[in-house]
Amino acid sequence: EERASKEHVSHFLQSFWRQLQRRAAWQVILYSMISHITFGVVNAAKVPANYVWLHLHTAQNQVMVLLEKLLFFIGLNIVRKYALHVSWRKLILFGSVVVTFFNVLYFLIVFDIFRHAWFYIFTDVSAQFMYTLNFLASVFCMVEVAEPGYEAITYSLITTASNTVSPLSSVISYQFLAFFPALNTQEGIATDTDEVRWDFAMLHMLTIVINLTSLLALPLLPRQKKETRELVARGEHSVFWGKFALYSAMIFLAYSTMVTFATVVLHDVYGCFKILGGAGCSAEESSFPAYVMVGCVLAYCYGVNFYLSYWPIVKKKKKFSWSMFL
């Protein structure tokens, strides 16, 4: 193998910046962030409810974590063997339907129709399969988007952009509890009144709906390798959207780093602030900053996706078709 000549860092970064301006790159980055934010929203009251209603103990919780990892491994092998050439959109759509089905089963626990710790573990572990499909679709797409010589940095950027939005999903999840005060404490959930059950059911339904809206971003994801290569071959560029995707990832990374530092290293001082995903440091603490951030994040997700996926349909440059999601 011939020795490759050393490339100057500034030249490499300039070349990579030109790669980021391609529609194939910034579109996949934006899809990763938007889909992970909306699908990452969870019912924050579920954890205390599991301990109160199901008496879930630490050993069972650890078994659940191990089973999730096992199912993730099994899911990887199933997709590798049987679904490599299946549309990535269909994989995510199928996985979302599966997760929604198992989330709906939790209503049996909410209304005390069937409460058993192992029933919950089974449904929660099964939902892990969706995360496997979403992860694989993103990875497969990265391979096709990356130009030769830029595979590592492209993979790192898209992976970082996907992972840094997790704290945003957590903040959104916890701020929804403000609309259901009875669910803020284990004591409130333990009363198990009809009002508590219906509040929990409405919160659970809200998170399911938001999770399903992640499917609205599917038109941003190429269907398979061939479509990704065609997108790359068209050579569409945009300096604005390249900067928008890069700055978005940097802002989310900065916020994620701040939240991690504040809630881990300085947990006793700052971990309780609502804007960092906490329950509030005092009764007088305003929820307004957290609400503003939640509103901005949701507006970002739905606004960007609408402009890129559906505005051309409104302008009659494209035609709507259900095949956009398949």
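A search of the whole structure, which is a predicted model, turns up 18 aromatic pairs (Phe, Tyr and Trp rings, the last by its six-membered ring, with centres within 6.5 Å; planes under 30 degrees apart are stacked, over 60 edge-to-face, the rest tilted). Take Phe114 and Phe119: they pair edge-to-face, at 5.2 Å centre to centre and 80 degrees between the planes. Phe114 is partly exposed at 42% relative accessible area, while Phe119, at 17%, counts as buried (buried is under 20%, exposed over 50%, partly exposed in between, with a 1.4 Å probe and protein chains only). Elsewhere, ring pairs tie Trp26, Phe240, Trp241, Phe244, Phe252, Tyr300 and Tyr307 into a cluster.

Pick out Leu183: beyond its neighbours within four places in sequence, Leu183 is in contact (heavy atoms within 4.5 Å) with Ala45, Leu177, Ile189, Val196, Asp199, Phe200 and Leu203.

What divides into 8 nonpolar, 2 polar and 9 charged residues? That's the lining of the second largest pocket (Ala, Val, Leu, Ile, Met, Phe, Trp, Tyr, Cys and Pro are nonpolar, Asp, Glu, Lys and Arg charged, the others, Gly among them, polar).

On the bookkeeping side, residues are numbered from 1 along each chain as its sequence is written, and side-chain values use heavy atoms, leaving out hydrogens and water. Local features need pLDDT of at least 70 and side-chain atom pairs count only at 80 or more, whereas totals for chains, interfaces and linings use all residues.
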